[in-house]
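Here is a friendly note to read alongside the structure. Keep the viewer open and find each residue as you go.

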Amino acid sequence: MARPTLLLAVLSWLFAAGCSPPPAETGEVQQAIIECNGGSIGLACDTDDDRCTQELCVQVGQDVECTLQALAADGTPCLSDGNACTSDTCQLGVCENTPLPTDTLCNDGLFCTTGTTCDVTGVCGGGTPNCDDGNACTADTCDEGANTCDSVTLAPGSACDDLDACTASSTCNAGGICVDSDPLDCDDGSECTADACDGALGCIFTILEDSPCNDDFFCTIAEACTIDGNCEGEANCTDSNPCTTDSCDELGDSCSNVITPAELCDDGNACTESDGCDALGDCIGSPVTNGTSCGSAGGCVAGGTCTDGNCMGGALLPNNTVCDDNNVCTITDVCVGGLCEGYPRNCYDGDPCTADGCDEVTGCFNIAIEGCGMDPDAGVPDAGPFNDAGPFNDDAGPEGDAGLGGDAGPEGVLGGGGCNTSGRGSTGSVVLLLLAVAVLARRRRREASVLTALVAVASFSQTGRTQGFDTEIFKPGTSSTSYLSQESAAVLPEWQWNAGASLNLASDPLVLRDPQTGEALMGGVVVSDRRGAYLSAGVGLFGRFEVGLALPMVLSQDGQGTLLENSPDLNSASFGDPRLTVKAALWRKDNIRLAASAAATLPAGDNEALFGEEGLSAAPQLIVGWQRGRASIALSAGVHLRETTMIGDLAIGNELTAGIGAQIEVLRRRAWLVGEAYTRSALEDATAENSPAEALLGVRVALWGAYQLQAAGGVGMGRGYGAPAARGLLGVFYRPQAKPTKVSQVLPEPVIAKAAEPEPPKAEPLDSDKDGINDPEDGCPDDPEDMDGFEDEDGCPDPDNDGDGILDGDDACPLRAEIVNGINDEDGCPDEGIITLVEDRIVLGETVLFDKNRARVKRKGRRALQAIITLYMQHPEWGEMSVEGHADTRGPSDFNMSLSRRRADRVRHEMIDLGMLADKITSKGLGETVPLVEGESEEAMQTNRRVEFVVRNVHQEVEERIILPGAETP
């Protein structure tokens with residue numbers, strides 16, 4: 001204990017020295033005049049006027065003389081050098097003048113300056129004028145000789161600076177005061193900004209993101225401010241019917257929803273096909289063949305068959321089967337009675353001044369409440385944002401009229417009693433999870449893949465719906481290789497065993513918290529004091545495995561279970577779920593160890609007392625540890641697989657887990673200091689309430705024989721469920737030490753091997769081009785093979801393996817020949833491009849070029865046109881190109897002719913803009929006069945709606961046609 005005592009003494013001395021006042025400044029050194037010849041032997045005297053020396057009257061022969069005895073202590077004040085920026089003290093008997101730090105206040109001795117400081121050269125200067133009276137309407141002067149100040153008032157109307165950035169100009173009035181004459185106008189005219197002025201910064205425009213606004217356009221609705229400060233909305237005339245063409249007339253303030261018969265659609269019925277729009281605007285389909293398999297209800301009904309267009313029969317999948325209800329506003333979707341249902345997604349953002357909700361298309365939204373932020377008890381009426389039905393109650397504060405969060409009792413969120421933190425999850429949880437995963441990721445690929453597998457298993461775990469769960473997050477270790485609850489990477493020696501019993505006291509492990517502030521509600525403690533006990537035992541097997549068993553118990557617990565809807569029974573003592581743990585040592589090198597463990601619990605506990613699970617649970621994890629001498633540390637990460645549980649508004653399911661533990665031996669084989677921290681966090685939709693964390697610090701002491709005493713205390717971190725405000729542990733364990741095993745070693749007799757007779761050297765085969773292929777087998781003995789994986793055995797180089805004319809050095813696909821189709825023809829790789837050459841015509845695989853009833857080319861259609869231009873330039877034998885527009889027989893023929901003409905002309909102009917020579921391209925519209933196929937079927941109509949690009953071959957007088965199918969019907 002000598003070292004800690006010495007360290008404490010040093011720290012105390014430093015603290016006292018740092019807090020003691022500096023030595024007082026001294027003026028001229030007072031000189032003690034001692035008449036040594038008066039016989040005053042031993043008195044102080046001074047003959048050299050030097051404060052850095054100490055002299056005494058001593059006997060010298062028959063006289064008493066003033067004689068130097070010692071040097072003054074370093075730091076003793078001495079005669080000043082007259083510079084205010086130096087510290088004058090004795091150093092080794094010499095008066096040193098040490099420069100003071102830059103910007104130290106000093107006095108330059110001048111009347112007309114104030115606030116002077118020392119500069120980097122050790123000179124006192126700078127400062128501000130002494131005679132500034134702070135009035136912008138006076139001209140101030142200073143007389144250094146007379147040590148006086150003069151101020152002259154400026155004439156009325158003189159410009160002045162009132163030091164206010166919110167005024168455009170200021171002038172002096174007749175009284176000599178600077179007054180505002182032109183306030184700064186900070187109104188930018190936008191609904192999406194809150195305009196204000198700061199006296200120091202000027203105009204400030206704060207964007208009101210997501211605030212409702214009005215862009216004064218009929219064709220937009222539900223306008224809201226964007227992050228850029230613009231007012232934007234949704235289309236007004238959209239009726240969400242796939243069988244109508246929606247349009248909006250801004251000038252006429254009217255909507256149009258025109259039925260489009262025969263348009264393709266989807267009626268959502270698995271037992272119909274060829275769905276299309278009828279004349280009434282309804283989406284209908286033809287029944288599929290009877291007997292076709294079908295399902296329904298989000299995948300919760302299987303084995304059904306189609307009968308006359310309806311899905312009949314089928315079997316309901318078991319409850320709790322994972323499904324998807326295609327609703328982004330729900331989580332943990334499972335089958336219930338043949339229907340796919342999920343829990344509502346929590347979209348609360350922690351801000352009481354936003355209206356929070358969820359849209360089935362866009363997801364969560366948080367819209368600012370206008371006027372929110374006022375004092376809820378400052379006279380806001382019940383109809384305002386702080387009324388009885390809102391996030392606050394203005395009658396009695398945030399807890400409501402009854403003092404428990406509303407008129408009818410607590411309206412909080414469930415969580416633990418640990419120290420409150422902000423954010424969606426516990427900061428401690430995030431740090432521990434990242435730390436553990438980062439360390440484990442540094443291990444070899446084989447071990448790291450195990451953790452990936454553990455997380456993957458969690459994603460396939462089924463979920464359930466119960467009304468209680470185990471709120472106890474502290475799970476004690478089952479052997480002496482554990483810290484407190486966290487496992488180390490070591491295992492017990494073969495057949496060594498130990499057992500123990502401990503008491504556990506947890507304060508406020510489950511409370512109700514205010515959803516806005518996160519603070520615990522008054523009177524909202526569900527479980528206050530829980531007093532529990534644990535019995536545990538462990539044994540080592542085969543030197544690489546360890547098996548442990550733990551049995552938890554609740555001796556008693558207090559709280560208000562009636563605050564919850566299912567009113568859990570907190571009065572009776574009960575057992576928890578027995579836990580079986582298996583740990584295996586995987587790898588060890590020097591001081592580093594890697595292990596894996598898995599814990600499983602049986603649902604034998606009392607889940608109604610919030611001390612047991614409804615079903616089985618498992619917790620596999622990886623552990624990496626370091627041990628050297630008397631110290632050890634371990635990090636762990638894994639998953640906790642359990643049935644999804646709902647109690648109140650708290651959903652608990654599969655979780656990620658992480659922890660860190662450390663131990664150091666402070667007294668040889670007598671005492672150990674141990675500490676740990678651990679966390680768990682929901683795999684889906686993690687929040688602060690379902691991400692508990694806890695930290696513990698304790699000590700182990702050897703009692704007698706193999707018995708040890710263990711005591712620890714800790715606190716919860718964050719507000720996650722089960723994280724207590726405080727925890728205390730006390731236990732006794734029987735931990736016998738393993739007896740050393742004697743190992744006998746028999747050394748084998750040395751064997752002396754007889755040296756083999758050397759074989760005569762063989763003649764080297766001839767390889768003239770040095771390519772590794774001997775001349776008799778080399779097809780090109782004078783040219784070395786290029787060894788590129790293509791016909792390397794013949795000994796001849798292959799500069800163009802695939803024979804596409806692009807040398808291998810420039811060919812990105814040297815073993816696959818390029819297809820010249822206008823798409824990246826220079827890279828050497830075959831492309832499934834949008835252009836394909838088919839016999840006597842060229843087909844462009846782009847299906848949509850125009851919007852309905854419009855001639856404007858869509859942006860994605862320009863890519864097709866660019867490909868045509870590229871292909872045209874690769875064929876110098878092609879002459880003039882003609883763009884022809886075609887339509888089907890739907891609609892009036894004159895309209896079809898006009899639209900096809902306008903479309904062809906627009907395509908020509910687009911191609912000229914993309915680089916086509918204007919004198920090489922013409923256009924014409926042919927309407928419905930030149931169909932490719934006859935008939936009124938949908939397939940025939942779709943084929944006839946097209947744009948063709950006709951090119952005449954200047955050498956053979958043969959026409960080439962580039963056809964763009966699928967131009968949409970007028």
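This is a predicted model: local features need pLDDT of at least 70, side-chain atom pairs count only at pLDDT 80 or more; totals for chains, interfaces and linings use all residues.

1. Strand β26 covers residues 330–336 and strand β27 covers residues 339–344. The two strands run antiparallel and pair over five bridges. Two residues sit between the strands, and in this hairpin G337 takes a positive phi near 60°.

2. Next, please visit helix α4, which spans residues 859–873. From its first C-alpha to its last, this helix of 15 residues reaches 22 Å, close to the 21 Å expected at 1.5 Å a residue. Several of its residues are buried, including A864, L865, I868, I869 and Y872.

3. How many salt bridges does the structure hold? The count is 14. One of them joins the side chains of K583 and E487, with 3.0 Å from N to O. This pair links distant parts of the chain, as K583 is in strand β35 (residues 579–589) while E487 is in the loop between α3 and β31, 96 residues apart. Are these two buried or exposed? Both K583 and E487 are buried.

4. A second pair to look at is R642 and E613, whose closest N and O atoms are 2.5 Å apart in a salt bridge. R642 lies in the loop between β38 and β39, and E613 in the loop between β36 and β37, so the pair ties together parts that are 29 residues apart in sequence. Here too, R642 and E613 are both buried.

5. Finally, turn to R727 and E694, whose side chains meet in a salt bridge at 2.4 Å, N to O. R727 belongs to strand β45 (residues 726–734) and E694 to strand β43 (residues 693–702), and the two residues are 33 residues apart. Why does R727 count as buried? Its relative accessibility is 5%, and buried means under 20%. E694 counts as buried because its relative accessibility is 0%.

Technical notes:
Residues are numbered from 1 along each chain as its sequence is written. Side-chain values use heavy atoms; hydrogens and water are left out. Helices (H or I, at least four residues) and strands (E, at least two) are DSSP runs, numbered from the N terminus. The expected span of a helix is 1.5 Å times one less than its number of residues. Buried means under 20% relative accessible area, exposed over 50%, partly exposed in between (1.4 Å probe, protein chains only). Two strands pair if DSSP finds at least two bridges between them. A salt bridge is a side-chain nitrogen of Lys or Arg within 4 Å of a carboxyl oxygen of Asp or Glu.
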